[in-house]
Amino acid sequence: MSSLVDEKSSSILESPHPKQPRPIQQWYASVTDFLTHWGIETNGIDPILPEDRTDTKLYQMFFVWFSSNMNVLGFGTGSAGPAFFGLGLRDSFIILLIVDLISCAIPAYFAVFGPKLGMRSMVLARYSWGYLGSIIPSAFTVFSMQGFLILNCIIGGQTLASVSSHLDDTLGIVIIGVLSLIVTFFGYRVIHLYETVAWIPSVITFIVMLGLGGKHLTEAPVPPSPSAATVLSFATTTASSVISWCIMTPDYGVYHTSKASNTRIFLYSYAGFFIASLTAHFLGAAFAAAAPGVLSWETGFDGGNSVGGLIEAVLSKAGGFGKFLTVVCALSIPSTCAPTMYTFASSLMTVHPWFARVPRYVYAVISTAILIPVAIVGANHFYNTFVDILSVIGYWSTVFSAIVIAEHLIFRKNDWTRYDLSQWCKARELPLGLAAIFAFLCACGIIVPCMSQVWYVGPIANAGTGDIGIVVGFVLAALVYPAARAVEFAFSGR
């Protein structure tokens with residue numbers, strides 16, 4: 001068990017025989033010292049102590065999520081209503097409004113954990129899932145973050161490629177991936193600084209798009225009334241895109257002051273999520289619904305497979321300025337990729353103590369090397385890729401959120417002092433995690449028959465309910481976990 005209780009070395013350069021360092025350890029030590037000197041974050045996953053949580057710029061909690069959602073990916077989420085699910089503009093708007101109002105509350109609630117506890121999300125998971133059990137959400141988060149990155153790079157690459165015949169999706173994806181790596185490489189503080197201004201290009205672009213194409217938005221064709229299954233499937237896809245942020249929102253408040261009120265942190269985060277998500281979703285739905293009525297838009301949209309092509313087609317009336325805005329909008333995609341890649345690294349470091357010894361910036365490089373080729377392949381079938389990735393992330397992340405919230409409200413009594421930070425890497429002092437694993441498996445058991453994907457449709461979903469997997473999964477986990485945790489606590493005392 002000794003390997004399970006000592007993760008406090010933040011890099012591989014530490015050795016049990018410090019008097020005889022290996023060449024690779026010396027090299028890592030030199031690189032890390034150099035990066036630290038230039039202000040690049042080299043911290044591991046150790047909880048940030050209260051005396052080190054001194055950042056009072058809580059407005060950053062608004063901008064980091066406003067910038068992350070006010071971009072082309074949010075536009076693409078909204079466009080899925082008309083383009084993929086065949087919904088009309090009115091139906092899309094109603095669904096988006098209701099879903100965003102409700103679902104934005106979950107990641108905003110999780111954002112409060114960061115300043116209050118100073119723990120990354122997957123370290124926080126250990127206080128309900130247990131030391132070994134938390135490997136499950138950590139591994140899922142690693143794959144989920146890569147899924148997010150793939151979607152973002154596809155959309156950014158397509159948007160860049162739409163500007164010039166000398167660019168294609170492949171080169172555009174490479175450019176977006178490398179830019180995201182650069183921002184992520186510098187760490188937490190640079191990401192927050194970048195996110196404070198990263199929203200500006202997207203907002204300007206969306207305003208110009210409304211000015212150029214607004215008159216066509218009222219001419220969108222009206223499709224037949226949608227089925228309940230279609231409505232629910234689009235609603236859950238949209239909810240997945242928002243709720244799944246909960247697995248990373250605590251990571252971006254760990255250096256902020258714990259003295260701030262819960263309400264203030266929540267409201268900053270909720271406002272960032274809701275304002276950006278609703279705006280981008282509405283715009284995406286509006287332009288996608290109107291695209292069939294405008295030949296150039298329909299051509300650029302490429303049958304719903306190129307969100308970037310649609311944006312470029314709308315902006316083409318502005319000539320060179322429109323192309324400039326398209327490029328700038330594409331280059332703002334790292335506002336979403338940077339925090340995603342950062343959480344990929346920190347989550348991978350929680351999977352096993354050995355991973356925690358490798359510097360975070362190394363994982364950022366590995367993430368980039370993986371996402372670029374996968375995004376290039378996925379770009380050929382964008383909406384199938386988009387819906388599949390978002391839905392799968394949404395299935396497990398809603399179950400994760402139900403378990404963590406239940407632990408905090410029922411067993412920790414909404415009291416931050418009930419989290420002993422010294423236990424974060426001590427397997428014998430953390431909960432066993434059996435209750436969380438049992439609740440997770442029960443939720444998976446009901447999610448599978450309720451799924452509706454291109455590659456699989458469960459019997460319940462096929463009966464006409466549509467994809468209700470995230471709803472039933474959340475409810476069942478929220479019901480099963482408290483009962484199972486009470487039994488676990490009675491036997492283990494922790």
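Are Arg-412 and Glu-407 buried or exposed? Arg-412 is buried, and Glu-407 is buried too. Here buried means under 20% relative accessible area, exposed means over 50%, and partly exposed lies in between (1.4 Å probe, protein chains only).

The model is predicted: local features need pLDDT of at least 70, side-chain atom pairs count only at pLDDT 80 or more, and totals for chains, interfaces and linings use all residues. Residues are numbered from 1 along each chain as its sequence is written, and side-chain values use heavy atoms, with hydrogens and water left out.

**Salt bridges**

A salt bridge is a side-chain nitrogen of Lys or Arg within 4 Å of a carboxyl oxygen of Asp or Glu. The count by this rule is seven. Among them are these pairs:

| Pair | N to O distance |
|---|---|
| Arg-90 and Asp-91 | 3.7 Å |
| Arg-412 and Glu-407 | 2.9 Å |
| Arg-418 and Asp-415 | 3.9 Å |

**The network**

Salt bridges link Glu-407, Arg-412, Arg-485 and Glu-488.

**Accessibility of the other pairs**

Arg-90 pairs with Asp-91. Arg-90 counts as exposed because its relative accessible area is 63%. Asp-91 has a relative accessible area of 22%, so Asp-91 is partly exposed.

Arg-418 pairs with Asp-415. Relative accessibility is 43% for Arg-418, which is therefore partly exposed. Asp-415 is partly exposed because its relative accessible area is 27%.
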